[in-house]
Amino acid sequence: MSRDVPIHSWPGSYYINSDKRWENGTLSLTRTTVNFVSSQSKASLASFRLSRIMEIKMESSSFIFSTLTVLEEGNVKHWFGSLKPNRVVVYNVLEHFWRERLLSPSSESRGAVCQPSKGKELINLVAGAQRRLEDTGRVLSHQGEQFDNMMQGLEKIDSDLGVADKLLSELESPSWWPFGKLPWKAQQEAKAEDAARAAAVAAASKVSGRNKVITSIPAVVSKGGDSDLKPGCLLVLVSSLEVRDTSCQLLHRFERNEIDEIRVHNPYEITVRQRFIGKPDVCYRFLSAKMPEAMSVLEMQYKKKVEFTSEYTAFKTTPVSSPCDIEGPIGNEGLLQKCQDTEVPLEVPAGDLSQLQVHVLQPSVSQAEAQELKQMLMQLKNLALEAETELERQDEVLDVLTSSTDRATMHIEKHTCRMKRLL
């Protein structure tokens, strides 16, 4: 039996062709295999790798309706029935992980070889760039806070100037005018307020970098529990998370400040929740073979909101099956050949090696290092997009600061002239 912890499990029944009967048990999906274990004898009735699956279909049999069939290499057909919550959910999950190839053939075999120095150098370079970008982000954030404080001060100045303008207008009004302001003055101020309101609406309608997509992964999506899992995709944006169906129609949008919890059940399954007072929470469940790519970004964006369950801990502490510990009906020759593929080439005298052979024998970046580099580059992309978004916001704030300062200076000069005329 596989040592991997199941990603997902469903109760159901399996048809034993030799005995011509159905056996109740549990169908489970792991990182590399699909297993069915009997609930009575606890024996494994079926176990095969994802890479050996040829076809997954929803069919009906003469014995039981609503069955799910999996065709394995060698024309071996497995029948699963009475699946709960329903066979459509199981089909969507199995078909997704089979299609996405949860672990490619090259990544299934992880030998105990030393990490190449070239990969380590690349990782160190990317890590150094990430630290520099994080420092730059902190400086930009501090600078943005200073701009926000300046905007608050200017808003207070504008409010005080408005009060001063009202008082001066009352002092300038003749004693016989009962409304406190001259009619032509009120019309001019109304026009100015309308123009300012129109400018604010135009500025708000501008497309900003907050809607830029950092990463997008295919996923099996369900609102609430796992009884209605359907194919879709998860989009990670700079300022939000978007849930879309297979036709790219928006199902729901989680704003970054509205997300209350991201619960990680295992490296391939998460739940995003938004809580409300007085009405039901909005909760979406995601299963994806590409979830580790998105998690590297989610852990950075939502550090305080990501929660890891005990299932995740058990999943991470479970070792992955070695290349020579492979289940399923595979011949000894194929297994021996797979293990021999990972051996080190024989030694050849240096004088007999051509430049091409020397280049081939040089250590390259391993699959694990490539995956780590990919995740680090995703984090760098996230940091760069957030820095770009903050710079765009600060540019807009600077424009507003400039116009507000000019307007305040003009109002102060005008009020000074009006006060001199009153004196």
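The following dialogue examines how several labels are assigned in this predicted model.

Tutor: Local features need pLDDT of at least 70, side-chain atom pairs count only at pLDDT 80 or more, and totals for chains, interfaces and linings use all residues. Residues are numbered from 1 along each chain as its sequence is written, and side-chain values use heavy atoms, with hydrogens and water left out.

Student: Why is Asn-35 called buried?

Tutor: Buried means under 20% relative accessible area, exposed over 50%, and partly exposed in between (1.4 Å probe, protein chains only). Asn-35 has 7% relative accessibility, so Asn-35 counts as buried.

Student: What makes the pairing of Asn-35 and Ser-47 a polar contact?

Tutor: A polar contact is a pair of N or O atoms within 3.5 Å; within protein, one must be able to donate a hydrogen and the other to accept it, and residues adjacent in sequence count only if both atoms are side-chain atoms. The side chains of Asn-35 and Ser-47 are joined at 2.7 Å, and those of Asn-35 and Thr-33 at 3.3 Å.

Student: Why is Cys-248 called exposed, and why is Cys-417 called partly exposed?

Tutor: Cys-248 has 52% relative accessibility and therefore counts as exposed. Cys-417 has a relative accessible area of 43%, so Cys-417 is partly exposed.
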